[in-house]
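These are my notebook entries on one structure. I record what I looked up, in the order in which I looked.

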Amino acid sequence: MGVAVGIDLGTSNSCVAAVRDGEVVVFADQEGRRTQPSVVAFGYGKSAVVGWKARRQLMYAPESTVVSAKRLIGRRAGSEEVQKMKAQSAFGITEGEGGNVQIRVQGKLFSPTEISAHVLVHMKRIAEQALGEPVEKAVITVPAYFNDNQRQATRDAATMAGLECLRILNEPTAAALAYGFKQGKRQHVAVYDLGGGTFDISILRIDDDFFEVVATAGDTFLGGDDFDYLAADEFLRLFCSQNGLDLAENRTVRMKLREAAERAKVALCSGDEVEVTVPALYRSPDGKEYDFATTLDRFTYAQWVLPLVQRTLDVCEDALKAANMSPRQIDHALLVGGMTRFPLVRDSVGEFFGKPANASLNPDEVVAVGAAIQAYNLTNDSAGESSVLLDVTPQSLGIRTVGGFCEILIPRNTAIPTESAKVFHTAFDAQTEVRISAYQGESRLSDDNELLGEFVLEGLPPRPRGQIKVRVTFEIDNDGIVHVRALDNANGAEQAIRIEARSGAAPEELRSARFDDIEF
Amino acid sequence: MDPRLRLRFEIETMHELLPQLDYYQLLGVKQGCPQGEVDSAFRTEGRRLHPDRALAGAPPEFRGVANTVFKAVNDAYRVLRDPDARGHYDNELRAGKFRMDSEARKVAEAEAAARNDPNKAARTEKGGKFWKLALQGLADKDYNGASMNIQFAMSFEPENEVFKEYLAKAKAGKEEVKKEKSTANAYKIRL
């Protein structure tokens, strides 16, 4: 039997771990690195490259190097977030069939799911190399605030990568599990998770081995990436004014500055000041080369990014309100995600909760460690005594009603698994079809929420209006994924309807995907 | 008997009896029990019955059964954990209804929400329009307009307790303004 691993599939970096002989092991690559950049590079030669090698290519060929695919997964091409990413990315982002996002690199098209599958294959191979055994099953983590489309697309990526997905686990919940807190007394824990691309806050009530998520909130488009783009924009403004250039549209220059911004951010985690230099940043059409050099101090940087930190605290406020708690009632505030290394973030969180934030476990690895523990619990037959995680659905699930309003069937922060049924009536005489649109989000107007899918109940017997009743059950499973089934009262037959996620691949396609050409 | 087999047998029995079990029976508590007992019962039962535990070593066909039972336990706790919803459910239970359907739940939730935030008090769309105007009127101290709008809103939701409460407030406001005006006038005359 293959080993079950836990994989933290991050926006910027990914990490893989498993329980071996009663202990969690984080798998390192042959150079001893314990996390891998979630970067996929295409290009020179016919093979794709993933991880550190791919990251190196980012500096000289950003247009054929895909970064932060997680920010695109399960989203519609027309969404605000995708448009924002399109403006920032050096690689091509286009709209495919049915409004799906497609990534265009060197004339080839990829779905964000495929890119994520490349990263998962890479993580799987790292684990297999370290273990000397095949890896077939995995618990894969996602931001708690991910909606159904994003979860389904992540599940599809696992299938594509040849992994049986045991569970889609929320990142903050995984982190809480890694920290443990098995002290036999009831505690309230807030997990502040600021990663490369997403922000989550989850409030848990932990009673010995029972982990109950009370409330969760987040922003799936707020993370370290945004800090870097913000600093890169400041650098670009400075560079242009120093040299009298206008490079606002130059993606390659922006990408290089983004890299420099990220390095500066890391340096400022420990130092008070950093020299930022990018030699030969820009070559003008007349052949003149321009270098970029500046000094950045922690205070200036903090001024730039303070609004982003404030946004995370507003989300914390929202989660506490949903949990009906005050910051002082939280016993422990845990820091997760690479961005929480930044002193400003750390101090702000500590101040918000009125107690020093806990970062005793490595913020880059803690999610993978929690996922590994859950993978072990779910595959071990004797796990009858293991911890139990009870999570919630992050966003309300509803259907479109007359006038474009959204009728909520399962409110946010409902414990999962759960289900809710609704009886639909025909509105016209001899109506043989009922069309139902499902949405996720908090707006009263369905158009402002995320469309999960539309489905049609057909073949209803033609009768006067109102006589035909169809009972539709909406279920949210342990992965946070939505299932719909309908019971036709006339026929008495139950029909399962899968809400098609927009990852753009049918199940057969997922299984037939091949990744032999990834260089390892 | 193997404790895991015993648990599986128990869950299967619950599954068969599911339509006849009320929320209190699902959590294994008495109807009038203190709130703390509901919480601790959920932690004990939730831990025991959670599919992740119950499914360890179980045959695949047991999966659906365990999930269905746990969804019912979750549902029971969602209602009983909230004193407002619990009170509502007790009424339903007296009428012989074992489950809160989404309509009944909506009324209970709206009442609870309205208690914390008057903006959420309206339950109908039309009533909501007038209610919004009424709250604005109260904020602007236009008590005449506010009480008129509350009465309009009440024509759509005659039973809304929050509306009734605010109508009384608006009327009290009206009296207050009347008094102020009369004293203001008296002052002017004296000038």
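Before reading any sheet, I noted that two strands pair if DSSP finds at least two bridges between them. Strands (E, at least two residues) and helices (H or I, at least four) are DSSP runs, numbered from the N terminus.

I also noted that this is a predicted model, in which local features need pLDDT of at least 70 and side-chain atom pairs count only at pLDDT 80 or more, while totals for chains, interfaces and linings use all residues. Residues are numbered from 1 along each chain as its sequence is written, and chains are lettered from A and ligands numbered from 1 in the order in which they are written.

**Entry 1**

**Entry 1. The five-stranded sheet**

I next read a second open sheet of chain A, whose five strands have the order 18-13-14-15-19 with mixed pairing. Its edge strands are strand 18 (332-336) and strand 19 of chain A, each of which pairs on one side only. Strand 13 (residues 186-194) and strand 14 (residues 199-207) of chain A run antiparallel and are joined by nine bridges.

Helix 3 (residues 35-49) of chain B touches strand 14, strand 15 and strand 19 of chain A, at about 90° to the direction of strand 15. Two residues are in contact if their C-beta atoms, placed from the backbone, lie within 7 Å.

**Entry 2. The interface**

I looked up how the chains meet: 17 residues of chain A are in contact with 16 residues of chain B. On the chain A side, helix 10 (366-379), strand 19 (388-390) and strand 22 (418-425) each supply at least two residues. Strand 22 of chain A gives the most, with four residues.

**Entry 3. Helix 6 of chain A**

Helix 6 (residues 224-243) of chain A has 20 residues and reaches 28 Å from its first C-alpha to its last, close to the 28 Å expected at 1.5 Å a residue; the expected span is 1.5 Å times one less than the number of residues. I listed its buried residues, among them Phe227(A), Ala231(A), Phe235(A) and Phe239(A). A residue is buried if 20 or more other C-beta atoms, placed from the backbone, lie within 10 Å of its own, exposed if 12 or fewer, and partly exposed in between. The buried residues of helix 6 pack against helix 7 (251-270), strand 16 (273-283), strand 17 (289-297) and helix 8 of chain A. After helix 6 comes Gly244(A), whose phi is positive, near 60°.

**Entry 4. Gly51(A)**

I found Gly51(A) in the loop between strand 6 (48-50) and helix 1 (52-60) of chain A. Why does Gly51(A) count as buried? Gly51(A) counts as buried because it has 26 C-beta neighbours inside 10 Å. Leaving aside neighbours within four places in sequence, Gly51(A) is in contact with Gln36(A), Pro37(A), Val39(A) and His122(A).

**Entry 5. Chain B and the domains**

Chain B comes to 10 helices and zero strands. Of its 191 residues, 29% count as buried. The domain assignment, automatic or from a database, gives chain B domain 1 (3-111) and domain 2 (119-190). The centres of these two domains, taken over C-alpha atoms, are 43 Å apart.

Key: Axes fitted to C-alpha atoms, helices over the stretch in contact; angles between N-to-C directions.
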